[in-house]
Amino acid sequence: MSGLRGGRPDYGGGIGAFLCAGAVAAVLLGVVLLFALLFMRGAAAFWPRPLTEWRLADGTVRLAEELDERPDGSIRARIGNREFYGLDFLIAGPEEVAARSRPADAVRIERTENGPFFGYLDQAGAETWRLRLPDGRPVELPAAQVLRVSYPNRLGWFGRVGAWFAGVGRFIVEEPRNANQEGGVWPALVGTSLLVILMSLLVVPFGVLAAVYLNEYARDTWFVRLVRVAVNNLAGVPSIVYGVFGLGFLIYGVGGAIDRAFFAADLPRPTFGAGGVLWAAVTMALLTVPVVVVATEEGLRAVPRERREAALALGATRWEMLRHVILPGARPGILTGAILAVSRAAGEVAPLMLTGVVGFARELPIDGDFPYLHLQERFMHLGFHIYAVGFQAPNVEAAEPLVYATAALLLALVLALNLTAIRLRARVRKRLEGR
Amino acid sequence: MTSSPSFRRRRAADRAVAALVRFGGVGVVLAVLFIAFYLVREALPLAAAPKLEESGRRLPAVAAPVAVGVEDFTEALWELHRDGRLVLRDVADGAELDAAAPLALGPGETVVEARLSPDQATLAVATSSGRLAALPLAFAVDYDDDLERSHRLEETTPRWLIEEGDGPLAAFSVLAEDATVWGAAVRGDGALELVRGRIKVNRLTGAERLSRKVLRLAEPGPITDLALLEGGAVLAGFADGGLAAWRADRPFNKLEECGRTPAGAAVRQIQPLIGAGSALVARADGAVERWMMVAPETGRPILDEAAEMSEAVPGLRLLAPSTRQRVFFALADRELRIGHATAAEYLAAVRLPAGVERVLPSPREDHLLLIGADWVEVRGLELGYPGVTARTLFARIQYEGSPAPAWTWQSTGGSDAYEPKISLVPLILGTFKGTLWALLPSIPLAVLGALFTARFLRGRAREIVKPAVELLAGIPSVILGFVGALYLAPAMQDRMLAVFLLPFVLVLLTVVLAVGWARLPLPSRRRLHEGWAPFLLMAVYAAVGAALLRAGPGLEQALLGAPFREWAPAALGLPFEQRNAAVVGLAMGFAVTPLIFTLAEDAFRNVPETLAEASLALGATPWQTSVRVIFPPALPGVVAAVMLGLGRAVGETMIVLMATGNTSITRLNIFQGFRALSANLAVELPEAPHGESLYRTLFLSALLLFAFTFLVNTAAETIRVRGRKEL
């Protein structure tokens, strides 16, 4: 297989081969750094950081969640209490901070408004909580605003690990709050799953149908060859173009027609004539048809000719051969296609932007109200969440940790799917080669 | 053949499935191909020419009016008569609906001429005694119980800009802006006057008062027509064909000349366009030019010719502007041309009946009035998408207020009077700019890496590299865009120099290592490397790269004397933005490299091993074998891989959307961002009104993307298949 099989220890050319090795090294380094960046920052978003009391040179006192040190030695820290300071973050050089300490009773309160509160807790009343700012000024907070209280400086190592897991858990099952800058991604997770399920229901049967036609039923004419080239090429058509088609044909065309026929009373307010999870799923299905077709065809080809001939020789009809011999044999290929399609749909954002994704949806497209599944509703999506929060949040700096966390979550999902698909495909290919 | 019931059932099932599969399979394939057809279908109406009905309703005018027009629905016709009466009539039967006399003319005074503003909201009225008024036109609609419309005149008061007449005006123009009404006229004594009327509203009584200021130029020359442009600039044409423009100076003390042109064909008419940002000048020889005031970077605005219509109209008599766009109607002897001022060309020509003296579009541009001496004919008009032509899409155009022709994409503005700028050139250029900077690092990395992986990596090392690259290929582009914009962009802006030096430093380092390696004694070489060199190099690269990037800001200070982002604009004349093409190139490189890598690796692996074995047996080194024996037959496959990478980069949306500033510029400067076709679609299409010009233009750009990637992919596939056949 390899040019080195003769046992030659040397590349034989020195510099050229080394440069090629360098290219591999650079690509690998890119992979490692990218994954490390996303997973470390994503994980760090939930790591409880201690609160450090900063006595600044100008006499003010702040409790700071120290985030990172800059090349010039200054430290960027979150100082909370936005309604009192006007800003969430502070960058202070070493000469500006006169003294640093870690008071054990420093409290971090997550609240529904104004981001976290850093200070000291005097009394947790039923109506109002009496608190002190880091410099000792007393303030009050309505009890209804309080979500969670923690004393990060009292946490031991185990406590922190526990807090980290709890944080990850809340991130997954909670709703976002404060313009998506805090809270969790549950609605986005639900939206992504619903989109992917709807899409799979559409793309897998039809993709398999198309692949079976191309591979089993169609004769090898110029038309079929042309169609195969076309299907292959459609995999390379930009995803945004599918979005354009989804908006123009599905939403304005089909959706508009449905509205005129069945929801005329609601017009001009559109029901199906606006973006929604159904249209997004259909668009995604179109986008992923080539993926499923190509993978299924590979799976179909992996079924040995002898098995087909044996089936036919035993008197099976074509359909019986297909059902009992070919499709079971092609199952890994079909599965690979389905997984790759799901992974593509989970990560693709551009066509969704035209077909119904929103940064914040008041309601889930699936809930307890009849008819339970609201296919015309707009929905949230993990990938779009990254774009929406990272670029449209009022305070991007404050939202950044959660964007990294969302990206890490999405990446983990997609990687898991892709790894499974790669394994499965390796199995199909081995069978193809072993034939 | 037995024909038992069970066999028949089985045969029926078999046939049914065969039919279903054929139908479904062909259906799915056609459905996907339908996308291309649909894009064409949506974009095609852009090419249609404006259409005017062959014939229309003709109704006689009661007495030859000075001015005629219709209200929004083209259901009522208004007429301004010589005696100052305004009459509203039903278009269907000519019955009088309403009448008023808002002008309150003096005894014996008549209306001599009236000119309608392009938006048809103001009528400039000149009287026999030489007085000039701006008469606002407004119509009210009442709905009865059956939702039937009826029309009436809304009460208006004229704003007299010249109150004391001294004989008929030779030329005049009126321009209503927010709280200012401008008037310009050549008075009976030959002097040019500019009047600025400020509308002051008494807060208590609500009463309106016009406070006027007048500037006078005693001997301007023989002016044949004039028009007021934005901000009260006066554009006048002379009998000898020359043009001149004046503006009031800052404290409004005198008229300053801002441009004068040499003589030419006599000026017949000067017609401002909607928004008064530019005016059309019609000449005696049928030529039509577009003129505007252009503000240079310093100093006063000056008169500038933006464009001349592509052809002259023989027998040109009169121009009429449309109410919402830069379309105009040029009336010639028995012929009507429909032209577009931005495109600077005529889009349609229509034969007209005899006796048409004037034409006027309805306010909604869905009808055209043909006005004769004592009749008015209403014809249906379909303008289509006149603002979208090959010229407006691809040619350099001097838009209103810009000093020079340029390719600009700025599709929507604040008001109806905004001139859409829909050049696709900056978007196409932006797309290729992003692609260029993405492919530049990706191609060598991916191709060389693939060669090494295919030829030199074995066993475990291979099992690490290949899946790692495939996983990289699966990363959602929104994540790459986010990393590019929020991590790479701020990090790179402080150490741009180091980023650019890094590849050279690493290449140099590799060469040094390679040379050093060759000097090692053979046994230690043998022990050290089993194709694991990439992993050793990785560690070296990480260490050196980290050191270089850490030193980056200091390096810039030491070498350039300033941070690079300040040095580049000053020393190289290249503006610097944080989210620039270098960031996109790097972020998109993560998406493109694994794609090229995987496909190129396949190409290298597809070369039969027998070739390599023959070469090695003849004494060639593995490296010589790779370069001279394996590479040439694999080249078609590698080219195909690069082309597919190109296709991917061209269509990539999220990375480009997030990691650039999305400003549409036509510079290839790597330190600035750009706006790509794909990102433009994502940003603008959701907001574009369904079915209108912008919507269809965006579909056209989607079609361009589709066609380009489809062609590139087909070419790549063809090259790949050919190359494989040759093996």
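In this predicted model, A:Cys20 has a relative accessibility of 1% and therefore counts as buried, the cut-off being under 20%. A cysteine of the other lettered chain, B:Cys258, is likewise classed as buried because its relative accessibility is 3%. A disulfide is a covalent bond between the sulfur atoms of two cysteines.

**Chain A as a whole**

Chain A consists of 435 residues, and 54% of them count as buried. Its secondary structure comprises 12 helices and 12 strands. The radius of gyration of chain A is 28 Å, whereas a compact globule of 435 residues would have one near 22 Å. The C-alpha trace of chain A extends over about 90 × 80 × 35 Å along its principal axes.

The accessible surface of chain A amounts to about 19000 Å², and carbon and sulfur atoms account for 59% of that area. As for the contacts in chain A between residues at least 6 apart in sequence, 65% link residues at least 24 apart.

**Helix α5 of chain A**

Helix α5 of chain A covers residues 222–234, which makes 13 residues. At 1.5 Å a residue this helix should span 18 Å, and the agreement is explained by its end C-alpha atoms, which lie 18 Å apart. An α-helix has 3.6 residues a turn, so residues three or four places apart point the same way. The buried residues of α5(A) are A:Val224, A:Val227, A:Ala230, A:Val231, A:Asn233 and A:Leu234.

**Domains**

The domain assignment divides chain A into domain 1 and domain 2, and chain B into domain 1, domain 2, domain 3 and domain 4, with the bounds tabulated below.

| Domain | Residues |
|---|---|
| Chain A, domain 1 | residues 52–173 |
| Chain A, domain 2 | residues 186–429 |
| Chain B, domain 1 | residues 59–115 + 132–159 |
| Chain B, domain 2 | residues 313–393 |
| Chain B, domain 3 | residues 425–490 + 580–726 |
| Chain B, domain 4 | residues 495–562 |

In chain A, the C-alpha centres of domain 1 and domain 2 are separated by 44 Å. The contact between these domains involves seven residues from domain 1 of chain A and nine residues from domain 2 of chain A. In chain B, the C-alpha centres of domain 2 and domain 3 lie 49 Å apart. Domain 1 of chain B is assigned as two segments, 59–115 and 132–159, and domain 3 of chain B is given as 425–490 together with 580–726.

Notes:
Residues numbered from 1 in each chain as written. Chains lettered and ligands numbered in written order. Predicted model: local features only at pLDDT ≥ 70, side-chain atom pairs only at ≥ 80, totals over all residues. Heavy atoms only, no water. Helix = DSSP H or I, 4+ residues; strand = E, 2+ residues; numbered from the N terminus. Expected span 1.5 Å × (residues − 1). Buried < 20%, exposed > 50% of the residue type's maximum accessible area, 1.4 Å probe, protein only. Rg over C-alpha atoms; globule rule 2.2 N^0.38 Å. Contact = heavy atoms within 4.5 Å. Areas by Shrake-Rupley, 256 points an atom, 1.4 Å probe, with all protein chains shown as cover. Domains from an automatic or database assignment.
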